[in-house]
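Me: I would like to learn how to read the features of a helical model. Please take them one at a time.

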Amino acid sequence: MILALTQLCAGAASGLTVSPNQALVLRHAPREAAGVAGGVLQMSQRIAAAVGVSAISGVYLHTAARGTAHHRSAFWHTNLIRAGVLAVVLAVSALRGGRTNTGVPDRPEPAHDAMPRAGA
């Protein structure tokens, strides 16, 4: 029951953050390159996740290798590191002040269809 509740919370948090994050990051990508930009974004996210998981696993295994009683200590070390990374990210986000303008002007939408219709 507790696992299901935590998975529900993780899924809701992911759904509330992933889609707006992608829209914000890809907002200035030209339409012709939107697919490539999305692919690069996903690739960078997967590389960051792989590096993060391997680093945390390495810390856990290094700390736990000291003996059988050190698994609890290893768990706390990894959680402290994760909390520290989260604190740094939140501080950078707060210092940034929620600014989303990158200096790139928004492209105005054309008032008419770019492709003429048949019979028009």
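Me: In which helix does Trp76 lie?

Reply: Trp76 lies in helix α3. Helices are DSSP runs of H or I with at least four residues, strands are runs of E with at least two, and both are numbered from the N terminus. This is a predicted model, in which local features need pLDDT of at least 70 and side-chain atom pairs count only at pLDDT 80 or more, while totals for chains, interfaces and linings use all residues. Residues are numbered from 1 along each chain as its sequence is written, and side-chain values use heavy atoms, with hydrogens and water left out.

Me: How many helices and strands are there in the protein chain?

Reply: The protein chain has 3 helices and 0 strands. Its elements run α-α-α from the N terminus on.

Me: Is Trp76 buried or exposed?

Reply: Buried means under 20% relative accessible area, exposed over 50%, and partly exposed in between, with a 1.4 Å probe and protein chains only. Trp76 has a relative accessible area of 52%, so Trp76 is exposed. Ile81, which is also in helix α3, has 36% and is therefore partly exposed. Of the 120 residues in the protein chain, 6% are buried.

Me: How is the packing of two helices described?

Reply: Two packed helices are described by the angle between their axes and the distance between the axes. The axes are lines fitted to C-alpha atoms over the stretch in contact, and angles run from 0 to 180 degrees between N-to-C directions. Helix α2 (residues 34-64) packs against helix α3 (residues 71-96) at about 150 degrees, with the axes 8 Å apart. Angles under 35 degrees count as roughly parallel, over 145 as roughly antiparallel, 65 to 115 as roughly perpendicular, and the rest as oblique. α2 and α3 are therefore roughly antiparallel to each other.

Me: At what angle do α1 and α2 cross?

Reply: Helix α1 (residues 2-25) and α2 cross at roughly 125 degrees, and their axes come within 11 Å. That makes α1 oblique to α2.

Me: Which residues form the nonpolar patch on the surface?

Reply: Like charges are joined within 9 Å, and nonpolar side chains (Val, Leu, Ile, Met, Phe, Trp, Tyr) within 5 Å. Here the patch consists of Val36, Val40, Met43, Ile47 and Val51, with about 470 Å² of accessible area together. Accessible areas come from the Shrake-Rupley method with a 1.4 Å probe, and for residues only the protein chains shown count as cover. Met43, in helix α2, is partly exposed at 47%.

How values were computed. Patches are made of residues with over 30% relative accessible area and no salt bridge: like charges are joined within 9 Å, nonpolar side chains (Val, Leu, Ile, Met, Phe, Trp, Tyr) within 5 Å. A salt bridge is a side-chain nitrogen of Lys or Arg within 4 Å of a carboxyl oxygen of Asp or Glu.
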